Amino acid sequence: MDANWESQLQGIWQKLGGIDNEEFILQLKDHIGLLVDSEAIADFEMACAFDSTGHEKEAEPLYRRALDLGLSGLRRRRARIQLASTLRNNGKIEESICILREEKANYSDELNDAVDSFLALSLSSAGEYKEALSLTLKAISQHLPRYNRSLYNYADALHKEPF
């Protein structure tokens, strides 16, 4: 895999929504066929393509396999977030929550707000509305020009309030 392959991959992703979904999947699959040194990346990219075109059932086993094959770096983090989202869409809410809680507890990077956002969605699907709202407000509080501390503290208190 080289920078040219990655650049071409991004070019295909930029077509998503501008071409037919089946054509997009076909183009991505053809491009992935050029990748000879990483089955984990190939499975991840195909999972993303299926997921992005509404085929969550097809995406789930590919995410799992990519992770089992040792997907690493930012793609590993993305795969865990996207797998959790797919699991929620596939009705496996508790597993989704478990994966996202593990990510939240064990890793930190530029995708922290994405983890919190998808965890909030899964918690909401599980009926845990206060915790979901608390996570969402805490994530938003980091990006406000003012009231950051106030909003964070209100969000923290909301999560601790009894029903």
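This is a predicted model: local features need pLDDT of at least 70, side-chain atom pairs count only at pLDDT 80 or more; totals for chains, interfaces and linings use all residues.
Q: What makes up the secondary structure of the protein?
A: The protein has nine helices and zero strands. From the N terminus on, its elements run α-α-α-α-α-α-α-α-α. The C-alpha atoms fill a box of roughly 55 × 35 × 30 Å along the principal axes.

Q: What share of the residues of the protein count as buried?
A: Of the 163 residues, 40% count as buried. The cut-off for that word is a relative accessible area under 20%. As for contacts with a separation of 6 or more, 50% of them join residues 24 or more positions apart.

Q: Why is helix 5 called largely enclosed by the rest of the structure?
A: Helix 5 has 17 residues and twelve of them are buried, so the helix is largely enclosed. Those buried residues are Arg 75, Arg 76, Arg 77, Ala 79, Arg 80, Ile 81, Gln 82, Leu 83, Ala 84, Ser 85, Thr 86 and Leu 87.

Q: Which helices do the buried residues of helix 5 pack against?
A: The buried residues of helix 5 pack against helix 1 (3-13), helix 3, helix 4 (56-68), helix 6 (93-106) and helix 7 (112-125).

Q: Why are helix 3 and helix 4 called roughly antiparallel?
A: Helix 3 and helix 4 pack at an angle of about 160 degrees, with axes 8 Å apart. Angles over 145 degrees count as roughly antiparallel, and the two helices are therefore roughly antiparallel to each other. Their crossing is left-handed. Helix 3 contributes Glu 39, Ala 40, Asp 43, Phe 44, Met 46, Ala 47, Cys 48, Phe 50 and Asp 51 to the contact, and helix 4 contributes Glu 56, Glu 58, Ala 59, Leu 62, Tyr 63, Arg 65 and Ala 66. By class, these are ten nonpolar, no polar and six charged residues.

Q: Why are helix 1 and helix 3 called roughly parallel?
A: The axes of helix 1 and helix 3 come within 13 Å and cross at roughly 10 degrees. Roughly parallel is the term for angles under 35 degrees, so helix 1 and helix 3 are roughly parallel to each other. Trp 5, Leu 9 and Trp 13 of helix 1 meet Ile 41, Glu 45, Cys 48, Ala 49 and Ser 52 of helix 3. This contact has six nonpolar, one polar and one charged residues.

Q: At what angle do the axes of helix 3 and helix 5 cross, and which residues make the contact?
A: The axes of helix 3 (residues 39-52) and helix 5 (residues 73-89) cross at roughly 40 degrees and come within 11 Å. The crossing is left-handed. On helix 3 the contact is made by Ile 41, Phe 44, Glu 45, Cys 48 and Asp 51, and on helix 5 by Arg 75, Arg 78, Ala 79, Gln 82 and Thr 86. Four of these residues are nonpolar, two polar and four charged.

Q: Why is Tyr 147 called exposed?
A: Exposed means a relative accessible area over 50%. Tyr 147 has 60%, so it is exposed. Tyr 147 sits in the loop between helix 8 (129-141) and helix 9 (148-160). Its phi is near 70 degrees, a positive value in a residue other than glycine.

Q: Why is Glu 22 called partly exposed?
A: Glu 22 has a relative accessible area of 47%, so it is partly exposed. Glu 22 belongs to helix 2 (residues 21-32). Glu 22 and Thr 53 are 31 residues apart in sequence and 8.5 Å apart in space, C-alpha to C-alpha.

Methods
Residues are numbered from 1 along each chain as its sequence is written. Side-chain values use heavy atoms; hydrogens and water are left out. Axes are lines fitted to C-alpha atoms, for helices over the stretch in contact, and angles run from 0 to 180 degrees between N-to-C directions. Helices (H or I, at least four residues) and strands (E, at least two) are DSSP runs, numbered from the N terminus. A crossing is left-handed if the near helix is turned anticlockwise from the far one by less than a right angle, and right-handed if clockwise. Contact means heavy atoms within 4.5 Å. Ala, Val, Leu, Ile, Met, Phe, Trp, Tyr, Cys and Pro count as nonpolar, Asp, Glu, Lys and Arg as charged, and the others, Gly among them, as polar. Buried means under 20% relative accessible area, exposed over 50%, partly exposed in between (1.4 Å probe, protein chains only). Angles under 35 degrees count as roughly parallel, over 145 as roughly antiparallel, 65 to 115 as roughly perpendicular and the rest as oblique.
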